[in-house]
Amino acid sequence: MKERLRHPLTAVFLSVLLTAPWMGLWATGNAHSLSTLQTIAITGISVLGASFLLAWGAETAEEDVPRAFALAILAVLAVAPEYAVDALYAWNAGAFAGTPRGAENASLAVANMTGANRILIGLGWSAIAVFAIYKAKTTNDPAVESRSGFLADRVKLDPDISTEILFLFIATIYAFFVPLGDGIGWPDMVFLVGLYFTYIIFTLNAPHTDEEQVGVPAYFQSFKKSIRVPIYLGMFAFSAVVIFTAVEPFAHGLEAYGEQIGVPSFLMIQWVAPLASESPELIVVAYLVNKARSTAAFNALISSKLNQWTLLIGTLVLVYSISLGSLETLPLGQKQAGEIWLTAAQSFFALAILVNFTISIREALALLVLFLVQLYPDFHHYDALIAFSAVYIVLGIALLATRREALQFLVGRVYKRISGGEPAPVEQV
């Protein structure tokens, strides 16, 4: 009996079982009969089950495609709920363009997008770094390095993530210029989406690296390719359906519950709803860390940030224009411009931390504390957004000034990879 419980298929069955209540209600059209708290509980549990299936599918796929590409696909699927929620606001902005309701939805679309991006770095990157260092005491994670000094232990990143970091740098610098126009326009979409697909091409050409798997991925990788590929594609497809159908009611359930207990809707949409839609990604990377795969976890997080900071912005413009029936610019108010600048500034500071392929506990805590300050209700005035953006930028410039050689090395490493040369080995700073 114990052997059966330890069998990899038992874990898969239990994960699918977690999704069954919601999928049954959704398929039969009875989801509307749930109360707010029931909706939150059932959809949240289903997202948990789908997240494990998603992670196992991505790890299994590493047998057949470059790991960077597998993690890129994982990143897209894991943050798919965020796309679904944000697209709803962008659609309503176009459907009610020229009215107060349309303007409000345009504002909420930007708020949801910027909130999701800042959560991913401020909470995701920081918490996973601290969790990885904590778990290394029992997992002996080779990516975690113990050092003397105040909160000096750090996670060492895979130097092959240099491509993602550089592309994210380019997207971040470009984002500073987006609010200078009338709004988020088609040129912005073309540049940012084009940048992401250029990155995908590079990941497809990345060298294939073998990493020994255990548990469910190892079991499925033992199958021949003709069986293995449909298995992980099916896991991707099923997880995507669960996530797409469950996270929107989960997020809206949280919003409704927030209103019931007196939390402002703007706060719920910018912070709580994105936190709900980001939960699959955070669950997946926590699972990877628990398996002593902190390197893969950070690769997935950085790839997620890249696709959200490029594809998600482009999605807003595309959905808005389709809803409106013509190619138009998603309008930005002064406050929304400030939100984008702050999000870009946070990204700039975070990348300055990672430029030497490490993140220490004190750096992770700096990201976390600076993020938590933003949750203060009076923080969201335009002047405060600009002032806090300046803080991030100054800190980022100061870090880059001390890590000039690391930045040059990173750029040179990507250039050598693009030109077909052999990247030089990394010396940790």
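In what order do the three strands of the open sheet lie, and is the pairing parallel or antiparallel? The order is β1-β2-β5, and the pairing is antiparallel. Welcome to a short tour of a predicted model, in which local features need pLDDT of at least 70 and side-chain atom pairs count only at pLDDT 80 or more, while totals for chains, interfaces and linings use all residues. Residues are numbered from 1 along each chain as its sequence is written, and side-chain values use heavy atoms, with hydrogens and water left out.

## The sheet

A word on terms first: helices (H or I, at least four residues) and strands (E, at least two) are DSSP runs, numbered from the N terminus. Two strands pair if DSSP finds at least two bridges between them. The edges of this sheet are β1 (144-145) and β5 (358-360), each of which pairs on one side only. Strand β2 (residues 154-156) meets β5 in the antiparallel sense over three bridges.

## Salt bridges

Searching the whole structure turns up four salt bridges, each being a side-chain nitrogen of Lys or Arg within 4 Å of a carboxyl oxygen of Asp or Glu. Here are some of them:

| Salt bridge | N to O distance |
|---|---|
| Glu339 and Arg118 | 2.9 Å |
| Lys335 and Glu339 | 2.8 Å |
| Arg403 and Glu363 | 2.6 Å |

Let us take Arg403 and Glu363, which form a salt bridge. This pair links distant parts of the chain: Arg403 sits in the loop between α15 (382-402) and α16 (404-419), and Glu363 in helix α14 (residues 361-373), 40 residues apart. Arg403 and Glu363 are both buried, where buried means under 20% relative accessible area, exposed over 50%, and partly exposed in between (1.4 Å probe, protein chains only). Elsewhere, salt bridges with shared partners join Arg118, Lys335 and Glu339 into one network.

Glu339 belongs to helix α13 (residues 334-354) and Arg118 to helix α6, so the pair links distant parts of the chain, 221 residues apart. Glu339 and Arg118 are buried. Lys335 and Glu339, by contrast, both lie in helix α13, four residues apart, about one turn of the helix.

Why does Glu339 count as buried? The reason is its relative accessibility of 1%. Lys335 is partly exposed, because its relative accessible area is 24%.

## Helix α13

Of its 21 residues, 19 are buried, so α13 is largely enclosed by the rest of the structure. Its geometry can be checked too: the expected span of a helix is 1.5 Å times one less than its number of residues. For the 21 residues of α13 that should give 30 Å, and the end C-alpha atoms are 31 Å apart, which agrees.

## Two polar contacts

A polar contact is a pair of N or O atoms within 3.5 Å; within protein, one must be able to donate a hydrogen and the other to accept it, and residues adjacent in sequence count only if both atoms are side-chain atoms.

Thr99 lies in the loop between α5 (80-95) and α6 (100-139). The side chain of Thr99 reaches the backbone oxygen of Phe96 at 2.5 Å. With a relative accessible area of 33%, Thr99 is partly exposed.

Glu164 is found in helix α7 (residues 162-175). Its relative accessible area is 4%, so Glu164 is buried. The side chains of Glu164 and Tyr199 are joined by a polar contact of 2.9 Å.
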